[in-house]
Amino acid sequence: MANSTLLEDFPNEILCQIFDYLHALDLFWAFTSPNTRISSILKEIRLHVNISVMTSRGQLEFLSHHLIFHSDQVISLDVCDEVYDQTNVIEYLFGQHNFPNLRSCIFWSLDPSSKLENVLTQLKKQTPLLSFRILEPYNTQNEDQIRSHAHLFSKEILLDTPSTLRHVTFRIYYHYPELIDVTIINTNLTYLELIFYEKYSNLSIAVLVPILDIHSSLRQIHVTIKSSKMSQDSSIK
Amino acid sequence: MFIIFFSFPNVQSINENNLPRVTSLKIFDLYIFTQCNIHSLACVLHCMPNLQEFSFTFIVEYIHTPSIDVLLNGINWQQLLTSHVPHLIKFDIHISFLTHNRLLNSKLILDSFRCFLTQYHDWHIAISQWTNFQRFILCKSKN
């Protein structure tokens, strides 16, 4: 008779460690069971919510249903706003749940139609957020909406920085004009990554100076300066 | 003294006597894909007096000759860095651009960076020049 070890035979500590490698959707999908020991472990561990572009609407609803009982365990969110068969995922998640222990938040591929004001208010007022990243690929189609998103992030996060926030990465193509006339605010940011982008002009490195005025506790800064000026030189032989 | 930098439609001005100082800033990674004015860079570096690591990447298509000469001169970099960020221990620089049949004097450029090579034993510099690949094939096929 083979003597094999089942997953359920592992002690709690090992299971906790294993579960820490899985994100919330996979965890609930695989381990929701009548087994009360595993259920009680699931009620205590830290959760990482990861919604990739391949997540389906069904999976999203399944996850959301489980999050009703577990949203206070979520410490990190990594969410793609436009998934396989649903858009406005971020709005949906934050509309259904509070995340009172959220530390890290990554939003990517923002849907141009998403309304994110309430999401940002929630992040600022109801979470001890430590790290916030926006990853938005360059897109010529929805430039106005992307710009209005970037303006919102700039106003709510760069200018009215929550005191717990230390790390901000905004990979979004924008030129941050609202930063220029700001008087000094001291924030607690220690890491900042920005792209300064203006379509038909040459931005100067001087755009950095207001940033340094506002975020005077920075330890590391990563800046990209780009424009898409049309090429003027054409005398190629 | 006011310096005005035109960046249509924004007009930005830097008051050189009132630059912010971020004394905690240790690492600065800068990627520029448009023009680069070394004087503005000096003002920005002046804001980070305790900088330890600076990475500068500059990639453009076509550039005005005088600007690129300033950036390719190692002596300018030496002056810039020693006067504004004297505690620097790591300096990475990468410059790529296209020119029109203008050959660069690689030896002159290398010589200007000699101060870095002599002062820091771990410093290396490489210059690559690539001619238009299509033209190269054309030349070859004429034989």
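Which residues is Phe132(A) in contact with, leaving aside its neighbours within four places in sequence? I started my notebook there, keeping in mind that this is a predicted model.

**Entry 1: Phe132(A).** I listed the contacts of Phe132(A) and found Cys105(A), Phe107(A), Leu120(A), Leu123(A) and Ile157(A).

**Entry 2: the core.** Next I looked up the largest nonpolar core, which has 103 residues. Phe132(A) is among the members that touch the most others, together with Phe107(A), Phe170(A) and Phe54(B). I then asked which helix gives the most to this core, and it is H7 of chain A, residues 143-158, with six residues. A friendly reminder to myself: in soluble globular proteins, nonpolar side chains tend to be buried together.

**Entry 3: cysteines.** I searched all chains for disulfides and the count came back as zero. Cys105(A) is buried, with a relative accessible area of 0%. I checked chain B as well: Cys47(B) is also buried, at 0%. The sulfur of Cys47(B) lies 7.4 Å from the closest cysteine sulfur, that of Cys43(B), so the two are too far apart for a bond; my cut-off for a disulfide is 2.5 Å between the sulfur atoms.

**Entry 4: Leu98(B).** Is Leu98(B) buried, partly exposed or exposed? I found it partly exposed, with a relative accessible area of 44%. Leu98(B) sits in strand S5 of chain B, residues 90-98. I also noted Tyr62(B), which is 36 residues from Leu98(B) in sequence and 5.4 Å from it in space, C-alpha to C-alpha.

Key:
Residues are numbered from 1 along each chain as its sequence is written. Chains are lettered from A and ligands numbered from 1 in the order in which they are written. This is a predicted model: local features need pLDDT of at least 70, side-chain atom pairs count only at pLDDT 80 or more; totals for chains, interfaces and linings use all residues. Side-chain values use heavy atoms; hydrogens and water are left out. A nonpolar core is a set of buried Ala, Val, Leu, Ile, Met, Phe, Trp, Tyr and Cys residues joined through side-chain atoms within 4.5 Å. Buried means under 20% relative accessible area, exposed over 50%, partly exposed in between (1.4 Å probe, protein chains only). Helices (H or I, at least four residues) and strands (E, at least two) are DSSP runs, numbered from the N terminus. Contact means heavy atoms within 4.5 Å.
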